[in-house]
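Keep the viewer open as you read.

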Amino acid sequence: MLAHQRGTELDLSWISKIQVNQPAVLRRAEQIQARRPVKKEWQAAWLLKAVTFIDLTTLSGDDTSSNIQRLCYKAKYPIREDLLKALNMHDKGITTAAVCVYPARVCDAVKALKAAGCDIPVASVATGFPAGQTHLKTRLEEIRLAVEDGASEVDVVINRTLVLTGQWEALYDEIRQFRKACGEAHLKTILATGELGSLTNVYKASMIAMMAGSDFIKTSTGKETVNATFPVAIVMLRAIRDFFWKTGNKVGFKPAGGIRSAKDSLAWLSLIKEELGDEWLKPELFRIGASTLLADIERQIYHHVTGRYAAYHDLPMS
């Protein structure tokens, strides 16, 4: 992992005059989505790379220790070994980037990964996920408990009310407290962009989150009506680029929610490469939050190797 991103002093003059050019952003998003994906062995290579960016996630009300154990096993062995051998990739140590669970399931994930003999990070959602509407004291305690249980990354949600009412100082102070509560754990700040009202608010919230010390900014909880979209991503990525140019601090990016197909993952990788460059195409600076994406990637790898599509029983479940 990279060192923590320490943030900067709050500088409202930086964002006070920002207005996002929405038509230009939408045109850029259309370009990305219309692009033809790579094919054959190049596609297989990019899909294996995409696997290493996945925060393999389960955030269900019926999560149990057994399905957390199964998820962790899948995180360590995301692609069937015979398929990796066919691609001569079986000895490359391909795993997902992390597993992401509710705070109450962190202990289960840490135990399962330890039993599997791997050091994949455990990420915990926190701060009243997904709404972020509980008392601040409760949200901070939830972070501390998740870290105590072994979470090395914490995906916090902001109070969207602070963005919608323009309370930027309060938002900065809140995220600074999240940063402190995380201790040595990495802070990934979920903006819930589908509930922020405008692309201009998305840019401003992104910048405030980075000033406050977020190691990553993340699009969504996956529970909103609108989750990760390319227009929102473009705005967030350009905020990351602006922040880097001004401060020299690299902040990671995590789209989450609605990314289900292998084709989608290739488009996201292409967007990162074009907007931020190859430096950001590593798990320290790019993640994809997903629960079902891995299954489709493995299905496409299976098709590339065998020439046919897998039946449901051909691939292990996560």
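A residue counts as buried when its relative accessible area is under 20%, as exposed when over 50%, and as partly exposed in between, using a 1.4 Å probe and protein chains only. Thr96, at 2% relative accessibility, therefore counts as buried. This is a predicted model, in which local features need pLDDT of at least 70 and side-chain atom pairs pLDDT 80 or more, while totals for chains, interfaces and linings use all residues. Residues are numbered from 1 along each chain as its sequence is written, and side-chain values use heavy atoms, leaving out hydrogens and water.

You will find Thr96 in the loop between α4 (81–86) and β2 (98–101); helices here are DSSP runs of H or I with at least four residues, strands runs of E with at least two, numbered from the N terminus. Beyond four places away in sequence, Thr96 touches residues including Val51, Ile54, Pro78 and Leu294, where contact means heavy atoms within 4.5 Å. A polar atom of the Thr96 side chain also lies 3.3 Å from the backbone oxygen of Ala98.

Now follow the chain into β2. Ala98 and Cys100 point one way, Val99 and Val101 the other way, and all are buried. Strand β2 pairs in the parallel sense with β1 (residues 54–57) over three bridges; pairing requires at least two DSSP bridges. Thr57 stands opposite Cys100. Three bridges also join β2 to β3 (residues 122–126), again running parallel, and here Val99 stands opposite Val122.

Note on methods: Polar contact = N/O pair within 3.5 Å; in protein donor to acceptor, adjacent residues only side chain to side chain.
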